[in-house]
Amino acid sequence: MRSASIVLALAMVMGAAASFLPSNARALEPPKLSVFFEAGVGNDTIFSLKTIVLPSVPIILNVTIINNSTGPPSPPMAHTFSIRDNTPATRIQIWVNTTGARASVEFAVNSTKEIYYGGQLFQAESSNAGGIKFFCFPHEQAGMVGNIVVGGVSTPQSPELGIFLRAYWIGIIGLVAMLVWTVITYFIIKATSRHHADHSEHIRRGLT
Ligand SMILES: [Cu+2]
(Lines give C-alpha, C1' and ligand atoms only; values in the text may rest on other atoms or scores of the structure.)
Protein backbone atom coordinates (compact mmCIF):
# COMPACT_ATOMS: atom_id res chain seq x y z
CA MET A 1 0.00 0.00 0.00
CA ARG A 2 2.76 2.39 0.96
CA SER A 3 4.93 1.56 -2.07
CA ALA A 4 1.86 2.00 -4.24
CA SER A 5 1.36 5.52 -2.90
CA ILE A 6 5.04 6.34 -3.56
CA VAL A 7 4.67 5.18 -7.16
CA LEU A 8 1.47 7.18 -7.50
CA ALA A 9 3.08 10.33 -6.07
CA LEU A 10 6.11 10.01 -8.36
CA ALA A 11 3.84 9.43 -11.35
CA MET A 12 2.01 12.66 -10.51
CA VAL A 13 5.30 14.60 -10.37
CA MET A 14 6.48 13.08 -13.65
CA GLY A 15 3.12 13.79 -15.26
CA ALA A 16 3.21 17.43 -14.16
CA ALA A 17 6.73 17.83 -15.56
CA ALA A 18 5.91 16.01 -18.81
CA SER A 19 2.89 18.22 -19.45
CA PHE A 20 5.30 21.12 -20.09
CA LEU A 21 7.33 19.32 -22.75
CA PRO A 22 5.08 19.88 -25.81
CA SER A 23 5.03 23.68 -25.34
CA ASN A 24 8.79 23.59 -24.79
CA ALA A 25 9.28 21.77 -28.11
CA ARG A 26 7.42 24.58 -29.87
CA ALA A 27 9.63 27.19 -28.19
CA LEU A 28 12.73 25.52 -29.67
CA GLU A 29 11.59 25.74 -33.29
CA PRO A 30 13.76 28.08 -35.38
CA PRO A 31 12.57 31.68 -35.67
CA LYS A 32 11.10 32.95 -38.90
CA LEU A 33 12.05 35.98 -40.97
CA SER A 34 9.89 37.35 -43.76
CA VAL A 35 11.39 39.69 -46.34
CA PHE A 36 9.57 41.52 -49.10
CA PHE A 37 11.34 43.36 -51.89
CA GLU A 38 11.18 44.31 -55.54
CA ALA A 39 12.59 42.19 -58.34
CA GLY A 40 13.12 44.71 -61.11
CA VAL A 41 12.86 48.39 -60.23
CA GLY A 42 11.59 50.55 -63.06
CA ASN A 43 13.78 49.79 -66.03
CA ASP A 44 16.68 48.54 -63.88
CA THR A 45 17.52 44.85 -63.64
CA ILE A 46 18.17 44.91 -59.89
CA PHE A 47 16.68 43.66 -56.64
CA SER A 48 15.57 46.49 -54.34
CA LEU A 49 17.12 44.49 -51.48
CA LYS A 50 20.64 43.28 -52.30
CA THR A 51 21.56 41.86 -48.91
CA ILE A 52 19.23 39.81 -46.74
CA VAL A 53 20.63 39.92 -43.20
CA LEU A 54 19.54 37.03 -41.00
CA PRO A 55 19.65 37.78 -37.25
CA SER A 56 20.67 34.18 -36.53
CA VAL A 57 20.72 30.69 -37.99
CA PRO A 58 18.99 28.30 -38.25
CA ILE A 59 16.05 30.38 -39.41
CA ILE A 60 12.98 29.96 -41.60
CA LEU A 61 13.28 32.53 -44.38
CA ASN A 62 10.16 33.59 -46.24
CA VAL A 63 10.94 35.58 -49.39
CA THR A 64 8.25 37.48 -51.27
CA ILE A 65 9.17 39.40 -54.41
CA ILE A 66 7.08 41.79 -56.47
CA ASN A 67 7.83 42.73 -60.05
CA ASN A 68 8.16 46.51 -60.13
CA SER A 69 9.51 46.81 -63.66
CA THR A 70 7.94 49.45 -65.85
CA GLY A 71 8.36 49.88 -69.59
CA PRO A 72 10.12 50.57 -71.79
CA PRO A 73 10.84 47.89 -72.79
CA SER A 74 7.32 46.71 -73.23
CA PRO A 75 6.04 44.26 -72.14
CA PRO A 76 7.76 44.56 -68.75
CA MET A 77 10.60 42.19 -67.96
CA ALA A 78 10.14 38.87 -66.18
CA HIS A 79 12.33 38.32 -63.12
CA THR A 80 13.07 35.52 -60.69
CA PHE A 81 14.44 34.92 -57.24
CA SER A 82 16.72 31.91 -57.61
CA ILE A 83 19.28 30.00 -55.55
CA ARG A 84 21.66 27.32 -56.79
CA ASP A 85 23.47 24.59 -54.94
CA ASN A 86 27.25 24.24 -55.22
CA THR A 87 27.18 21.80 -58.17
CA PRO A 88 25.74 24.33 -59.44
CA ALA A 89 22.13 23.30 -60.05
CA THR A 90 19.15 25.59 -59.50
CA ARG A 91 17.27 24.51 -56.38
CA ILE A 92 14.95 27.42 -55.64
CA GLN A 93 13.29 29.56 -58.31
CA ILE A 94 10.17 31.72 -58.28
CA TRP A 95 9.05 33.85 -61.20
CA VAL A 96 7.29 37.21 -61.39
CA ASN A 97 6.49 37.59 -65.07
CA THR A 98 4.57 40.85 -65.24
CA THR A 99 4.45 44.19 -63.49
CA GLY A 100 2.78 43.82 -60.11
CA ALA A 101 3.15 40.04 -60.02
CA ARG A 102 4.12 38.57 -56.66
CA ALA A 103 5.63 35.25 -55.68
CA SER A 104 6.75 33.73 -52.39
CA VAL A 105 9.00 30.91 -51.31
CA GLU A 106 9.89 29.64 -47.86
CA PHE A 107 12.95 27.63 -46.89
CA ALA A 108 15.19 26.97 -43.89
CA VAL A 109 18.67 28.46 -43.77
CA ASN A 110 20.69 26.24 -41.45
CA SER A 111 23.97 28.10 -41.93
CA THR A 112 25.65 30.39 -44.46
CA LYS A 113 26.23 27.24 -46.53
CA GLU A 114 23.27 24.96 -45.97
CA ILE A 115 19.62 25.26 -47.03
CA TYR A 116 16.69 22.93 -46.45
CA TYR A 117 13.95 23.24 -49.07
CA GLY A 118 11.28 20.94 -50.45
CA GLY A 119 12.36 18.08 -48.20
CA GLN A 120 15.97 18.27 -49.34
CA LEU A 121 19.14 19.56 -47.78
CA PHE A 122 21.75 21.14 -50.05
CA GLN A 123 24.96 23.15 -49.94
CA ALA A 124 24.12 26.57 -51.35
CA GLU A 125 26.22 28.43 -53.89
CA SER A 126 28.37 31.04 -52.16
CA SER A 127 28.36 34.68 -53.13
CA ASN A 128 31.59 36.60 -53.62
CA ALA A 129 30.77 38.50 -50.43
CA GLY A 130 30.76 35.27 -48.42
CA GLY A 131 27.06 34.58 -47.96
CA ILE A 132 24.52 32.63 -49.98
CA LYS A 133 24.04 33.95 -53.50
CA PHE A 134 20.61 34.65 -54.94
CA PHE A 135 20.05 35.88 -58.46
CA CYS A 136 17.56 36.60 -61.23
CA PHE A 137 17.67 33.84 -63.83
CA PRO A 138 17.33 36.09 -66.94
CA HIS A 139 19.49 38.92 -65.58
CA GLU A 140 22.27 37.35 -63.54
CA GLN A 141 24.88 38.44 -66.09
CA ALA A 142 23.47 41.97 -65.92
CA GLY A 143 24.30 41.99 -62.22
CA MET A 144 20.88 41.17 -60.81
CA VAL A 145 22.27 39.28 -57.84
CA GLY A 146 22.01 39.45 -54.06
CA ASN A 147 23.45 37.99 -50.91
CA ILE A 148 22.09 36.28 -47.80
CA VAL A 149 24.29 36.83 -44.75
CA VAL A 150 24.07 36.18 -41.02
CA GLY A 151 24.52 38.76 -38.31
CA GLY A 152 25.90 42.25 -38.72
CA VAL A 153 22.96 43.82 -36.94
CA SER A 154 21.66 43.16 -33.48
CA THR A 155 18.00 42.34 -33.14
CA PRO A 156 16.01 43.04 -29.99
CA GLN A 157 14.09 39.75 -30.38
CA SER A 158 17.01 37.43 -29.64
CA PRO A 159 17.98 38.66 -26.14
CA GLU A 160 14.31 38.95 -25.16
CA LEU A 161 13.71 35.39 -26.28
CA GLY A 162 16.76 34.28 -24.28
CA ILE A 163 15.47 35.92 -21.12
CA PHE A 164 12.04 34.47 -21.74
CA LEU A 165 13.45 30.94 -22.10
CA ARG A 166 15.59 31.30 -18.96
CA ALA A 167 12.58 32.45 -16.94
CA TYR A 168 10.59 29.60 -18.45
CA TRP A 169 13.10 26.96 -17.31
CA ILE A 170 13.53 28.53 -13.87
CA GLY A 171 9.74 28.35 -13.51
CA ILE A 172 9.56 24.70 -14.53
CA ILE A 173 12.49 23.67 -12.32
CA GLY A 174 10.95 25.57 -9.39
CA LEU A 175 7.60 23.89 -9.91
CA VAL A 176 9.07 20.38 -10.17
CA ALA A 177 11.30 20.98 -7.12
CA MET A 178 8.25 22.12 -5.14
CA LEU A 179 6.28 19.01 -6.12
CA VAL A 180 9.20 16.70 -5.26
CA TRP A 181 9.68 18.44 -1.92
CA THR A 182 5.96 18.09 -1.13
CA VAL A 183 6.18 14.34 -1.73
CA ILE A 184 9.36 14.02 0.36
CA THR A 185 7.89 15.95 3.29
CA TYR A 186 4.74 13.87 3.12
CA PHE A 187 6.73 10.68 3.65
CA ILE A 188 8.99 12.25 6.28
CA ILE A 189 5.96 13.33 8.33
CA LYS A 190 4.23 10.01 7.72
CA ALA A 191 7.32 8.03 8.77
CA THR A 192 7.93 10.06 11.93
CA SER A 193 4.29 10.01 13.08
CA ARG A 194 3.35 7.38 15.61
CA HIS A 195 0.94 4.82 14.27
CA HIS A 196 -2.01 4.14 16.50
CA ALA A 197 -2.06 0.50 17.32
CA ASP A 198 -5.77 -0.15 17.38
CA HIS A 199 -9.19 1.33 16.98
CA SER A 200 -9.69 2.07 20.70
CA GLU A 201 -6.67 4.40 20.66
CA HIS A 202 -8.27 6.40 17.86
CA ILE A 203 -11.43 6.72 19.90
CA ARG A 204 -9.47 7.88 22.99
CA ARG A 205 -7.86 10.64 20.91
CA GLY A 206 -11.17 11.60 19.35
CA LEU A 207 -10.05 10.62 15.88
CA THR A 208 -13.24 8.78 14.99
CU1 LIG B 1 15.59 39.98 -63.68
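Figure 1. Val41 has Asp44 in S2 as its bridge partner. This is a predicted model in which local features need pLDDT of at least 70 and side-chain atom pairs count only at pLDDT 80 or more, while totals for chains, interfaces and linings use all residues. Residues are numbered from 1 along each chain as its sequence is written, and side-chain values use heavy atoms, with hydrogens and water left out. S1 pairs with strand S2 (residues 44-47) in the antiparallel sense over two bridges; two strands pair if DSSP finds at least two bridges between them. Strands (E, at least two residues) and helices (H or I, at least four) are DSSP runs, numbered from the N terminus. One residue separates S1 and S2, which form a hairpin. Strand S1 (residues 32-42) also runs parallel to strand S4 (residues 59-69), joined to it by nine bridges. Gly42 has Ser69 in S4 as its bridge partner.

Figure 2. His79 (ND1), Cys136 (SG), His139 (ND1) and Met144 (SD) are the protein donors, 1.9 to 2.6 Å from the copper ion. Donors are N, O and S atoms within 2.8 Å of the metal (3.2 Å for Na, K and Ca); water is not among the atoms, so sites may look incomplete. The site is tetrahedral, with angles of 92 to 128 degrees among the four donor atoms; four donors count as tetrahedral if all angles lie between 85 and 135 degrees. Along the chain, the donors follow the spacing H-x56-C-x2-H-x4-M. His79 is buried, at 0% relative accessible area; buried means under 20%, exposed over 50%, and partly exposed in between (1.4 Å probe, protein chains only). His139 is also buried, at 13% relative accessibility.

**Figure 3. Lys50 and Phe135.** Lys50 lies in the loop between S2 and strand S3 (51-54). The relative accessible area of Lys50 is 46%, which makes this residue partly exposed. From C-alpha to C-alpha, Lys50 and Phe135 are 9.6 Å apart in space, and they are 85 residues apart in sequence.

**Figure 4. Ile188 in helix H3.** Ile188 belongs to helix H3 (residues 157-192). With a relative accessible area of 45%, Ile188 is partly exposed.

Key. Four donors count as tetrahedral if all angles lie between 85 and 135 degrees; four count as square planar and six as octahedral if opposite donors are over 155 degrees apart and all others between 65 and 115; anything else is irregular.
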